[in-house]
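Subject: Structure handover

Hello,

Here is the structure we talked about. Please open it alongside this note, and read on for what turned up.

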Amino acid sequence: MLDSCKLKTGETLPFGYNKRTNTIGTSNADFPLADPGMYQLDITLKRGQNLAARDRGGSSDPYVKFKIGGKEVFRSKTIHKNLNPVWEEKICILIDHPREPLYIKVFDYDFGLQDDFIGSAFLDLMSLELNRSTDINLTLKDPHYPDHDLGTILLSVLLAPKEEQREVTMLMRKSWKRSSKFQPQSLRLSDMHRKSQLWRGIVSITLIEGCELKAMDANGLSDPYVKFRLGHQKYKSKIVPKTLNPQWREQFDFHLYEERGGIIDITVWDKDAGKRDDFIGRCQVDLSTLSREQTHKLELQLVEGEGWLVLLVTLTASAAVSISDLSVNSLEDQKERDEILKRYNTMRMFHNMKDVGFLQVKVIRAEALMAADVTGKSDPFCVVELNNDRLLTHTVYKNLNPEWNKVFTFNIKDIHSVLEVTVYDEDRDRSADFLGKVAIPLLSIQNGEQKAYVLKNKQLTGPTKGVIYLEIDVIFNAVKASIRTLMPKEQKYIEEENRLSKQLLLRNFIRMKRCVMVLINAAYYVNSCFDWDSPQRSLAAFVLFLFVVWNFELYMIPLALLLLLAWNYFLILSGKDNTQHDTVLYSDYPMFMPYQQLMLP
């Protein structure tokens with residue numbers, strides 16, 4: 001059993017180190033007789049030296065894979081066109097016992113083709129001393145060409161027993177058995193909500209836009225997209241064609257496996273059809289420097305390129321491994337409450353004008369939720385949003401009456417904002433299912449009252465199944481709020497993806513069918529006049545044709561539109577108006593029967 005988690009990148013260590021080769025030697029470590037349950041292996045992948053060239057240009061695009069027990073536990077970022085790459089990446093691996101060696105494989109990345117093998121090495125973990133950091137220099141070998149010089153990899157390794165509660169250890173073992181093999185594939189929102197490992201927080205990222213990116217195409221433009229990576233988790237944005245200032249407005253989540261955070265690697269690429277994509281630039285986000293439970297707007301300058309990216313990043317703590325999920329209500333502490341009231345009293349009306357007020361939302365529980373899974377249950381979690389601030393609760397599995405008891409706090413920038421609380425069902429293999437939503441204007445909140453809110457549909461036009469219990473408190477400075485009212489409304493960056501509506505598709509299909517039938521009937525009518533099916537009608541049509549041709553002027557064309565208004569007015573007076581038939585009986589359309597109740601009053 002093993003688990004892996006990405007740690008933040010440390011400072012660059014001096015290049016002086018003790019050399020070790022990748023041969024099995026006599027162990028100097030004194031392993032305890034009593035099994036501590038798990039060992040923690042901390043590895044710093046520092047750099048490579050004199051790696052073999054695998055590309056035609058005499059260079060390589062190297063990356064490194066770590067394997068233990070035949071399972072891939074880590075893949076490094078790719079360093080492009082460099083035979084002496086510097087990674088400085090850290091990884092934390094939990095293992096049952098250091099009997100299994102650590103295999104290191106180095107590959108050359110080739111877009112669209114099979115990656116070229118550069119070399120491999122292995123490290124005998126039994127030869128390491130416990131609780132001591134060791135610098136190791138591994139010589140890469142190829143079994144097919146044992147005499148070739150393929151370069152070396154420099155690591156810093158620390159092996160230590162990890163004292164964990166047996167309950168947590170067993171939970172992680174079961175969790176590993178349920179989880180699938182790590183795969184370096186792009187993960188969308190549905191995959192980001194996996195709970196196959198113990199994670200301690202959520203990183204919610206909104207990719208807003210890019211500015212003044214480098215032109216990579218012959219037309220002076222680019223087709224940019226962005227790749228994100230946090231440990232083994234990856235995300236790829238959509239492609240925005242032919243622009244240097246793309247607008248993405250995409251939101252996704254990563255899991256945090258360490259409380260200290262990690263490094264998010266971001267690369268920007270230009271999509272090229274039929275050939276390798278062009279590299280535009282890269283940047284990083286150090287999560288350890290960001291405060292939790294707060295949304296940060298970041299403008300990141302691209303290195304090795306031009307331009308910058310604009311992101312919203314929110315770190316949310318998780319209660320997945322805590323003994324008690326009950327959060328502390330900060331307003332119940334009289335000292336903290338007095339400090340908050342003092343911050344927003346009338347005497348401080350001109351201090352920090354952007355900080356209008358304080359909002360505390362306690363998400364207590366929900367009842368009678370919709371069953372979204374085939375088992376008749378749901379895995380609900382809650383998303384709390386105030387403008388561009390977006391926080392999440394943990395997931396309560398297989399429960400239609402979940403209890404979260406989670407407290408969120410927000411800084412109010414506009415007292416006219418609307419608090420949105422949405423309940424989703426977590427799915428491992430597809431996007432999260434919508435269960436219900438409530439929207440609460442801040443000015444309508446009654447402080448300190450626990451209220452049950454009926455969940456509504458996405459458009460907030462009608463109720464869905466279930467209720468959610470919230471307790472909300474709002475404290476604000478009236479003078480600041482009045483001044484802020486005169487300012488433009490804050491733009492919301494998080495946008496939902498447009499989805500195909502079968503209901504709207506059916507309605508437009510019926511309208512199109514009616515228009516086509518009108519044209520067909522008109523064609524049949526005109527054709528019958530030429531065929532003299534009715535001599536009286538054909539003669540009248542001939543006389544009308546001569547009259548119109550003889551008296552026609554161009555200014556009469558707009559006047560013909562009055563005939564449509566007169567015709568509709570006649571239908572209304574005669575009671576034959578058929579506009580209400582847009583919502584027809586769906587028994588004539590069996591494929592849309594599940595939506596019949598949504599359409600009919």
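How many aromatic pairs does the count come to? The count comes to 12 aromatic pairs. Please keep in mind throughout that this is a predicted model.

Aromatic pairs

A pair of aromatic rings is described by two things, the distance of the centres and the angle of the planes. Take Tyr-103 and Phe-122 to begin with. Their ring centres are 6.0 Å apart and their planes sit at 40 degrees, so this pair is tilted. The pair links distant parts of the chain. Tyr-103 is in strand 6 (residues 102-108), Phe-122 is in strand 7 (residues 116-123), and 19 residues separate them. Tyr-103 is partly exposed, at 42% relative accessible area. Phe-122 is also partly exposed, at 24%.

Now look at Trp-269 and Phe-279. Their ring centres are 5.3 Å apart. The planes meet at 75 degrees, so the pair is edge-to-face; the cut-off for that class is over 60. This pair, too, links distant parts of the chain. Trp-269 belongs to strand 14 (residues 263-270) and Phe-279 to strand 15 (residues 278-286), 10 residues apart. Is Trp-269 buried or exposed? Trp-269 is buried, with a relative accessible area of 10%. Phe-279 is partly exposed, at 21%.

Phe-228, Tyr-235, Phe-252 and Phe-254 form it together.

Salt bridges

Side chains of opposite charge can pair when their charged atoms come close. How many salt bridges are there by the rule used here? The count is nine salt bridges.

Asp-135 and Lys-46 make one of them, at 3.2 Å from N to O. Asp-135 is in strand 8 (residues 134-139) and Lys-46 is in strand 2 (residues 37-49). The two are 89 residues apart, and the pair links distant parts of the chain. Both Asp-135 and Lys-46 are buried.

Arg-132 and Glu-129 form a salt bridge as well, at 3.3 Å from N to O. Arg-132 is partly exposed, with 46% relative accessible area. Glu-129 is partly exposed too, at 29%.

Glu-420 pairs with Lys-437, and the closest N and O atoms are 3.6 Å apart. Glu-420 is buried, at 17% relative accessible area. Lys-437 is buried at 11%.

Which residues are linked in a network of salt bridges? Glu-89, Arg-229 and Asp-265 are.

Surface charge

A patch of negative charge gathers on the surface. Its residues are Asp-333, Glu-336, Asp-338 and Glu-339. Glu-339 is in helix 3 (residues 334-343). At 49% relative accessibility, Glu-339 counts as partly exposed.

Loops

Most residues other than glycine have a negative phi. Lys-242 has a positive phi of about 55 degrees, although it is not a glycine. Lys-242 sits in the loop between strand 12 (233-236) and strand 13 (247-256). Lys-242 is exposed, at 61% relative accessibility.

Lys-398 has a positive phi of about 50 degrees, and again it is not a glycine. Lys-398 is in the loop between strand 20 and strand 21. With a relative accessible area of 64%, Lys-398 is exposed.

Thr-395 is placed in the loop between strand 20 (389-392) and strand 21 (403-412). Is Thr-395 buried or exposed? Thr-395 is buried, with a relative accessible area of 10%. Thr-395 and Phe-381 are 14 residues apart in sequence. In space, their C-alpha atoms are 4.6 Å apart.

Best wishes

Technical notes. Residues numbered from 1 in each chain as written. Predicted model: local features only at pLDDT ≥ 70, side-chain atom pairs only at ≥ 80, totals over all residues. Heavy atoms only, no water. Patch = residues over 30% accessible without salt bridge, like charges linked within 9 Å, V, L, I, M, F, W, Y side chains within 5 Å. Areas by Shrake-Rupley, 256 points an atom, 1.4 Å probe, with all protein chains shown as cover. Salt bridge = Lys/Arg side-chain N within 4 Å of Asp/Glu carboxyl O. Lys, Arg positive; Asp, Glu negative; His and termini not counted. Charge placed at Lys NZ, Arg CZ, Asp CG, Glu CD. Helix = DSSP H or I, 4+ residues; strand = E, 2+ residues; numbered from the N terminus. Buried < 20%, exposed > 50% of the residue type's maximum accessible area, 1.4 Å probe, protein only. Phe/Tyr/Trp six-rings, centres within 6.5 Å; stacked < 30°, edge-to-face > 60°.
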